Amino acid sequence: MTLSRILIASALTGAFALTATAQESNPAVDARQGQFQVMALNIGVLGNMARGNTDYDAEAAQAAANNLLTMSQIDQRFHWVPGTDNASIEGTRALPAIWEEGSRVIEIWGEFGTGAEGLAAVAGDGLDAMRAALGPVGAACGSCHDDYRAAAN
């Protein structure tokens, strides 16, 4: 098992433990929230470099991009159980529209995966290449958030 996979597994385990102590948890909600926390951490590393908030570091950029690619390859079927939306249970911002006919969630997840693959291919090749490849990843995230995630309270 690679170091990045070990770190991802550790982060997910920690996220699950924190969620479980805060409320009675639902394994599907815990899994997807943990996954999104890991994704947000790695996107944050890349986003800070892209915005110039931190210096570009090819090794760190490549590691973050590889982590996003790994996360994009997780089969989502166990994360999106009907009845785990914000109208059915507390502790989630997932809108019921996710489960409605015509939902684009799985399509958008595929777009994220395609973007993550492109990002992982160039993240260590320089700031400009990383910036350009980060765009499709952010667009996929934003598209899903716009239509399928409730606003924070």
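Start with α4 and α5. In this predicted model, their axes come within 8 Å and cross at roughly 165°. Angles over 145 degrees count as roughly antiparallel, so α4 runs roughly antiparallel to α5. The crossing of the two helices is left-handed.

Now look at the residues that make this contact. From α4 come V105, I108, E111, F112, G115, A116, G118, L119 and V122. From α5 come A129, M130, A133, L134, P136, V137, A140, C141, S143, C144 and Y148. What classes do the residues in the contact of α4 with α5 fall into? There are 16 nonpolar residues, three polar and one charged. Glycine counts as polar here, and G115 and G118 of α4 are both part of the contact.

Next, turn to the largest pocket. About 620 Å³ of space lies in it. Its lining is made of 25 residues. Which of them lie nearest the centre of the pocket? They are R32, F36, W80, H145 and R149.

α2, spanning 27-51, supplies at least two residues. α2 gives the most, with seven residues.

The lining can also be sorted by class. It has 16 nonpolar, six polar and three charged residues. Arginine counts as charged, and R32 and R149 are among the residues nearest the pocket centre.

Notes
Residues numbered from 1 in each chain as written. Predicted model: local features only at pLDDT ≥ 70, side-chain atom pairs only at ≥ 80, totals over all residues. Heavy atoms only, no water. 1 Å grid on protein atoms, 1.4 Å probe; cavity = no way out; pocket = protein on both sides within 12 Å on 5 of 7 lines; lining within 4 Å. Points joined across faces, edges and corners; volume = space filled by probe spheres on them. Helix = DSSP H or I, 4+ residues; strand = E, 2+ residues; numbered from the N terminus. Axes fitted to C-alpha atoms, helices over the stretch in contact; angles between N-to-C directions. Parallel < 35°, antiparallel > 145°, perpendicular 65-115°, else oblique. Left-handed = near helix turned anticlockwise from the far one by under 90°. Contact = heavy atoms within 4.5 Å.
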